[in-house]
Amino acid sequence: MNVEVFQLTKSFGTDEVLKGIDLNFQTGQVYGLVGQNGAGKTTLFNCLAGLETHGGNVIAEGGRLKDRLGFLQTEPYFPSRLTGREYLRLFCKARGVPDEGLDTQNVFDLPLDRYAQQYSTGMKKKLGLLAVLLQRNEFFILDEPFNGVDIHSALLITEIIQRLKNEKKTVLISSHIFSTLKDTCDIIHVLDGGNITEIIGKDDFERLERDMAAFAIGNRLDAIRF
Ligand SMILES: Nc1ncnc2c1ncn2[C@@H]1O[C@H](COP(=O)(O)OP(=O)(O)OP(=O)(O)O)[C@@H](O)[C@H]1O
């Protein structure tokens, strides 16, 4: 699904977090979003998902984005006394897709009959991801999908993103671990100062990583004796 974002703005009081974001997402591409803590990545995702009011427009090909969007939030919310299995069923029901064969599709080996709220951080992330996958969405926003998950799961998630791409889904990911973006993305957007300041293709990922390291480290550590 192609999605176009025009002049998206968002402020919290006098704090202008997003200052006029233009983005163009194409079917079958995987996009990364990087930016420092507080740059506005989650705010942008919330706006795209229709969870926040905002200025500007989000135009999805063939209908509303939120009807075909799988949004994995940084910290997915789980109601109390809902098991993993019930959570997955709820998500399937919301999209009218069959909820049979959940045990077979439980690729992360989650304890589906335990309360989701009692899952560990990584398990919650995996349950949230599985829920949006089962819905067979067209567009996926994955906010830090690798955060807190073990090495095996991270490898599995990398492969899941590749399969989504093969199935012509569109994926937008944020991550603070550059290697995960290098492994999964076709294009990386840099969010800085409320604007998209760079749009980088695969050939320039190494250059972007070097630039970020130079900026992040610079001579900052000269002040410390190791
Ligand atoms: N509900 C809110 N009310 C007021 N300010 C908010 C709210 N949500 C976010 N902000 C502010 O908006 C800015 C962007 O926050 P956001 O969570 O989008 O950043 P981020 O890039 O996702 O950061 P991180 O990498 O740390 O997750 C921050 O200054 C944050 O304090």
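Modeller: Start with burial. A residue is buried if 20 or more other C-beta atoms lie within 10 Å of its own, exposed if 12 or fewer, and partly exposed in between, with C-beta atoms placed from the backbone. This is a predicted model: local features need pLDDT of at least 70, side-chain atom pairs count only at pLDDT 80 or more, and totals for chains, interfaces and linings use all residues. Residues are numbered from 1 along each chain as its sequence is written.

Colleague: Is lysine 126 buried or exposed, then?

Modeller: Lysine 126 is buried, because 27 other C-beta atoms lie within 10 Å. It sits in helix α4, residues 121–134. Helices (H or I, at least four residues) and strands (E, at least two) are DSSP runs, numbered from the N terminus.

Colleague: Which residues does lysine 126 touch, beyond those up to four places away in sequence?

Modeller: A contact means two C-beta atoms, placed from the backbone, within 7 Å. On that basis lysine 126 touches Phe108, Leu110, Val149 and Ser153. Take leucine 110: 16 residues separate it from lysine 126 in sequence, and the C-alpha atoms are 8.1 Å apart.

Colleague: How do I read the whole of α4? Why is α4 called largely enclosed?

Modeller: Count its buried residues. 12 of the 14 are buried, so α4 is largely enclosed by the rest of the structure. Met123, Lys124 and Lys125 are among the buried residues. The buried residues pack against β5 (69–72), α2 (84–95), α3 (102–105), β6 (139–143) and α5 (151–166). For length, the expected span of a helix is 1.5 Å times one less than its number of residues. α4 reaches 20 Å from first C-alpha to last, close to the expected 20 Å. After the helix comes arginine 136, with a positive phi near 55°.

Colleague: Which helix lies largely in the open?

Modeller: Look at α7, residues 205–217. The number of buried residues among its 13 is 0, so α7 lies largely in the open. Its reach is 18 Å, close to the 18 Å expected.

Colleague: Now the core. How many residues does the largest nonpolar core have?

Modeller: In soluble globular proteins, nonpolar side chains tend to be buried together. A nonpolar core here is a set of buried Ala, Val, Leu, Ile, Met, Phe, Trp, Tyr and Cys residues joined through C-beta atoms within 7 Å. The largest has 52 residues, and those with the most contacts inside it include Leu127 and Ile141. α4 gives the most to this core, with 8 residues.

Colleague: What is leucine 127 in contact with, leaving aside neighbours within four places in sequence?

Modeller: Gly84, Tyr87, Leu110, Ala116 and Tyr119.

Colleague: And where is isoleucine 141?

Modeller: In strand β6. Beyond four places in sequence, the contacts of isoleucine 141 include Phe45, Leu69 and Leu172. Isoleucine 141 and glycine 70 are 71 residues apart in sequence, yet 6.2 Å apart C-alpha to C-alpha.

Colleague: Last, the ligand. Which residues surround it?

Modeller: Phe12, Asp15, Val17, Gly35, Asn37, Gly38, Ala39, Gly40, Lys41, Thr42 and Thr43. Near means a C-beta atom, placed from the backbone, within 6 Å of the molecule. β2 (15–25) and α1 (41–48) each supply at least two residues of this shell. α1 gives the most, with 3.
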